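Student: I have a structure to look at and have not seen it before. Can you walk me through its pockets and its ligand?

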Amino acid sequence: MASSELIAKAAATHDLGRDELIALLEDESCNETLFAAADDTRRRYVGEGIHLRALIEFSNICRNNCCYCGLRRDNQNMIRYRMKTDEIIALAEYAARNRGFKTVVLQAGEDLFFTVDKMCEIIRGIKQFDVALTLSIGEKSAAEYQAYRAAGADRFLLRIETTDRNLYHRLDPGMSWQNRRQCLADIAAAGLETGSGVMVGLPGQTIASLADDILFFKEINADMIGIGPFIPHPDTPLKNTTGGTLEMSLKVMALTRLLLPDINIPATTAMETLAPNGQTKALQAGANVIMPNITLAQYRQHYELYPGKSETNCAADETLQILQDKITAIGRYIAADKGFRHKKSGKVFRL
Ligand code: SAM
Ligand code: SF4
């Protein structure tokens, strides 16, 4: 089948097989048609509103050693920080009350200082401000995910990073792909909206494995999927690798929109870091979420997953105005609701 026919089929049925996905990922001549179809599907299923989620990076201390990430524990060249409970809650209050954000996202390395009790205290503190709350703090036990939900957390982001298990085990020493997958099942079972995603352009990653990634998102019926290019960090073992491209990241994202039409998909910071118009391109190729970073500069500069990140997507007043202008310029608007997924498809994910 020609690429244009495959794209039309995906837009009509939200279903493609592995070989069909591979064919589209390999065909560079179909990119614009693919992006337009994903944009149209986004419009039909989730509308023109863009959900802004205020991102707080509250600790860059991590017990893990992921080869791609600047926060890995063996990176001695990083100044480590940990925000205090009241600082985190005060920043979330500012985001909600002064800046009108409807969702706060708390992200960190896997920092064991933040026990389940400490996290629940923070969650309860933030939930006073009538916002949705997303956590992105790594692998936890089923009981911990349940405790976060009981304290009021609404969503949890845990990227699977890649569905190629051998590649995952090479890049994430000491970690288990099976456990990460189990965590995603536990998150869903706890009643949290479940977010996942991958990096595009990891060394050794194949087109076929990217197709598998997209099918995996469908298999787990994810509520949110974040896709970004891998950007090499100079203080990691992957410093001499090439990294991913914006174009391929947009293609994986667009195909994800076609197969999971009603989910939330961010225009990721890594896309904007690779190209100044990366975010706008993503918003016109299937994305409907932006996560402005409201972490104070004194901390944000040290949350360096990859070079160039800290200058991107920060939520200073003037930056937010530029963002508002970008959104208006492409005929979209900032959504006024909390931006939960309104399920129009799918089943419950259980392992
Ligand atoms: N520690 C938690 C975890 O791993 O789930 C949350 C924070 S972690 C820094 C958030 C995401 O950053 C990871 O899931 C990974 O996909 C992404 N990331 C890390 N290093 C990256 C890099 N060099 N380029 C692009 N994305 C990267
Ligand atoms: Fe830690 Fe997450 Fe970075 Fe891995 S990706 S080193 S778990 S912060």
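**Pockets and ligand**

Tutor: Start with the largest pocket, which has a volume of about 220 Å³. Keep in mind that this is a predicted model.

Student: Ok. How many residues line the largest pocket, and which lie nearest its centre?

Tutor: Its lining has 17 residues. Leu52, Arg99, Gly100, Phe101 and Ile334 are the ones nearest the centre.

Student: Moving on. What volume does the second largest pocket have?

Tutor: The second largest pocket has about 150 Å³. Its lining is made of 15 residues. Val46, His51, Asp337, Phe340 and His342 lie nearest the centre of that pocket.

Student: Which elements each supply at least two residues there?

Tutor: Helix 3, residues 31-46, and strand 1.

Student: What about classes in the second largest pocket?

Tutor: That lining divides into 5 nonpolar, 6 polar and 4 charged residues.

Student: New topic, the ligand. Where does ligand 1 sit?

Tutor: Ligand 1 is in the largest cavity.

Student: How many residues surround ligand 1, and which are the closest?

Tutor: The shell has 18 residues. Tyr68, Ala108, Arg159, Glu161 and Ile231 are the closest of these.

Student: What kinds of residues make up that shell, by class?

Tutor: The shell around ligand 1 contains 11 nonpolar, 4 polar and 3 charged residues.

Student: Take Arg159 and Glu161. How far are their side chains from an oxygen atom of ligand 1?

Tutor: For Arg159, an N or O atom in the side chain is 2.9 Å from an oxygen atom of the ligand. For Glu161, the distance from a polar side-chain atom to an oxygen atom of ligand 1 is 2.6 Å.

Student: And Ile231, is it the side chain or the backbone that faces a nitrogen atom of ligand 1 at 2.8 Å?

Tutor: The backbone: a polar backbone atom of Ile231 is 2.8 Å from a nitrogen atom of ligand 1.

Student: Last one. What percentage of the ligand's accessible area does the protein cover?

Tutor: On its own, ligand 1 has 560 Å² of accessible area, and the protein covers 92% of that.

Definitions and conventions: Residues numbered from 1 in each chain as written. Chains lettered and ligands numbered in written order. Predicted model: local features only at pLDDT ≥ 70, side-chain atom pairs only at ≥ 80, totals over all residues. Heavy atoms only, no water. Near = heavy atom within 4 Å. Polar contact = N/O pair within 3.5 Å; in protein donor to acceptor, adjacent residues only side chain to side chain. Areas by Shrake-Rupley, 256 points an atom, 1.4 Å probe, with all protein chains shown as cover. 1 Å grid on protein atoms, 1.4 Å probe; cavity = no way out; pocket = protein on both sides within 12 Å on 5 of 7 lines; lining within 4 Å. Sits in = over half its atoms within 2 Å of the grid points. Nonpolar A, V, L, I, M, F, W, Y, C, P; charged D, E, K, R; others polar. Points joined across faces, edges and corners; volume = space filled by probe spheres on them. Helix = DSSP H or I, 4+ residues; strand = E, 2+ residues; numbered from the N terminus.
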